[in-house]
Amino acid sequence: MGQIDLTVTIAGKTLPNPVGTASGTFGFGEEYSPLIDINALGAIYTKALTPEERPGNTPPRLAETTAGLINSIGLANPGLNKFLTEKVPILQNITAPIIVNVAGATQSDYIKVCEAMEECAPVWGVELNVSCPNVDHGGMSFGTSPPLLARLVAAVRKVIKKPLIVKLSPNVADISEPARAAEDAGADALSCINTLTAMKVDIHRRKPLIPRGTGGLSGPAILPIGVAAVWRSAKAVKIPVIGVGGISRPEDALEYLLAGACAVQTGTTLFTHPNTPLRVLSGIEQYMEQQGFQSISELHGFF
Amino acid sequence: MIQNQHNSEHPPCIQRTGKILANRSIARGCGEIRIGWNGAEIHPSPGQFLTLAPRRYPLPLLRRPYAYSSADSSGFGFIYQIRGPGSAELAELRPGDETDWLGPLGTGFPPPEPASRPILIAGGTGIGPIFYLAVALKEHGPLVVTGAREANLLPRLHWPPGVHVLPCTEDGSAGIAGTVMDALKETDTSSAEFYTCGPAPMMEAVHKLALEQNRPCWVSVEEIMACGVGACQGCAVSAADDTGTTYQRACLEGPVFNSRKLKWDR
Ligand SMILES: Cc1cc2nc3c(=O)[nH]c(=O)nc-3n(C[C@H](O)[C@H](O)[C@H](O)COP(=O)(O)OP(=O)(O)OC[C@H]3O[C@@H](n4cnc5c(N)ncnc54)[C@H](O)[C@@H]3O)c2cc1C
Ligand SMILES: Cc1cc2nc3c(=O)[nH]c(=O)nc-3n(C[C@H](O)[C@H](O)[C@H](O)COP(=O)(O)O)c2cc1C
Ligand code: FES
């Protein structure tokens, strides 16, 4: 039997395998190194990076729901300068591809960070976060308006040759519109989905649990929403689509791959089971072996 | 025994499966679990914690954090209060059952300054880390003030010789009648080094007393956590600083903080 090819190609560059860790759930890579072999990952998507340091939102920032988690982190991150001086030396020692999640309030914020990432050797590519629901100017206005998104992606494209992934928001009526807008403006790939706007109410204090009111829902509860978003996006565009949202088991990742994704990210579940991405990877491999698939693209097109 | 991690690197954490050695009730709605190392002995410091994976993932979804109440060559323990789905699972555990733990996590209590008298104040399940600390500090003759609403909520524990325990109940059904703060009023705290874990209003009162007395005070905070390893920024607590908008992670820089480094006027 032929060798299974697990590699994923985006804009001519390859990822060793299709399973990465979702932005914001894995820090800048090193936090989980005592617990899993981070170099066996297909990619590490970092916490969002903005030009300036951001302390993040007023706590409490987390609320657990039925099979889900609402977060309101508020893009807390060290900012570009500290990233370059403190995080890059650590990233240099990681062999797994590093994809930096870039966020901002304005177009020039995105451009500033992307310019720096183009020059930064350990960075494999960038993922534009145009879909954070947890800050007033967290890019979600870009992600939910196809014309604004197209302008942003086109502007960023001018400063970056490395793979440019655009992470879409599920908080839209039809995700195929921003998907097409991003593709037309020059994106190399899409990732779907970021978290869904959600609220949990503390019935004793008679207030939302999270001070901002709403946060973003992730975890197993959102899996079917993510799969639908990937299916719709993959039908709408020709560029690769990366599936993210609610993956806890290999079967969940296979749903995404069969719905049209070329790769996946695992997030919330790894908080509980840090080994999730590697367990998902070996499950995908096993399925492909048993079912006679030799590459990820052979999983596409069944429906 | 107590390492001062407030200015050093953390030992790495590990994730293992351990067998339950014992699970006993120590007060109403409150138990103590002991778990064997199963070949993975580590040396957690008092104030550090572990997280336990839910047995029926994804309901509940997240690991639950518990502070170590003991650790020796035979295994480690923690004290839990039954609150919701995660802790309800704990009450069901029997000797021989397996559990998925991850630890040691966080920064624990530092050793006391020379010539100071450790005064340890626990409320509710704050008793777990305070018990472990008292055992570690027994040569210093620590005073432990432990409070509960009524006698059958006060955990029954075997305190080692050298530890002085002052139980308090709000209804006067055991020990001193009143709160831990009432008991502290009757105590000479002029050379105290305060260590406290429990409800936030209690810790704030201890912090204020420490400020008045100009004595050091260490608090162990409880914040909802997702990763427990410093990756998600979910467990932020507000730090005391001029800008008023900086945060510390309860799971990494904490859960034990110098009380003067935290913002209390919430
Ligand atoms: C560093 C640390 C040490 C702790 N040590 C102890 C201990 O020694 N003994 C003890 O009984 N409890 C301890 N706790 C609290 C314990 O983690 C919670 O009681 C437990 O998570 C509740 O889970 P549940 O499913 O039973 O209840 P839920 O219904 O989920 O929650 C009940 C309460 O616990 C809080 N809570 C829920 N999940 C978490 C979480 N992941 N982290 C923190 N709080 C949460 C909720 O906000 C709520 O107020 C500690 C918490 C932290 C952060
Ligand atoms: C605590 C937390 C922080 C997150 N931070 C970011 C972020 O900075 N940038 C981003 O694009 N997505 C962020 N996300 C969204 C995740 O990357 C992912 O899209 C989402 O959680 C769905 O996947 P999951 O269900 O596997 O977690 C965050 C999610 C969580 C739970
Ligand atoms: S719980 Fe994730 S950073 Fe503390």
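The model is predicted, with local features needing pLDDT of at least 70, side-chain atom pairs pLDDT 80 or more, and totals for chains, interfaces and linings using all residues; side-chain values use heavy atoms, without hydrogens or water. Residues are numbered from 1 along each chain as its sequence is written, with chains lettered from A and ligands numbered from 1 in the order written.

Tyr110(A) and Phe142(A) are edge-to-face, because their planes stand at 90°, with centres 5.6 Å apart. Both Tyr110(A) and Phe142(A) are buried. Trp37(B) and Phe76(B) have centres 4.9 Å apart and planes at 40°, so I logged the pair as tilted. I also noted one aromatic cluster of Trp37(B), Tyr68(B), Phe76(B) and Trp101(B).

I then turned to the interface. I find 31 residues of chain A in contact with 32 of chain B (heavy atoms within 4.5 Å). About 2500 Å² is buried between chain A and chain B, 65% of it from carbon and sulfur atoms (accessible area lost on being put together, 1.4 Å probe, summed over both parts). On the chain A side, Leu62(A), Glu64(A) and Thr272(A) lose the most area to chain B, together 25% of what that side buries.

I counted one salt bridge between chain A and chain B (a side-chain nitrogen of Lys or Arg within 4 Å of a carboxyl oxygen of Asp or Glu). Glu64(A) forms a salt bridge with Arg64(B), the closest N and O atoms lying 2.8 Å apart.

Definitions and conventions. Rings of Phe, Tyr and Trp (its six-membered ring) pair if their centres lie within 6.5 Å; planes under 30 degrees apart count as stacked, over 60 as edge-to-face and the rest as tilted. Buried means under 20% relative accessible area, exposed over 50%, partly exposed in between (1.4 Å probe, protein chains only). Buried area is the accessible area (1.4 Å probe) that two parts lose on being put together, summed over both.
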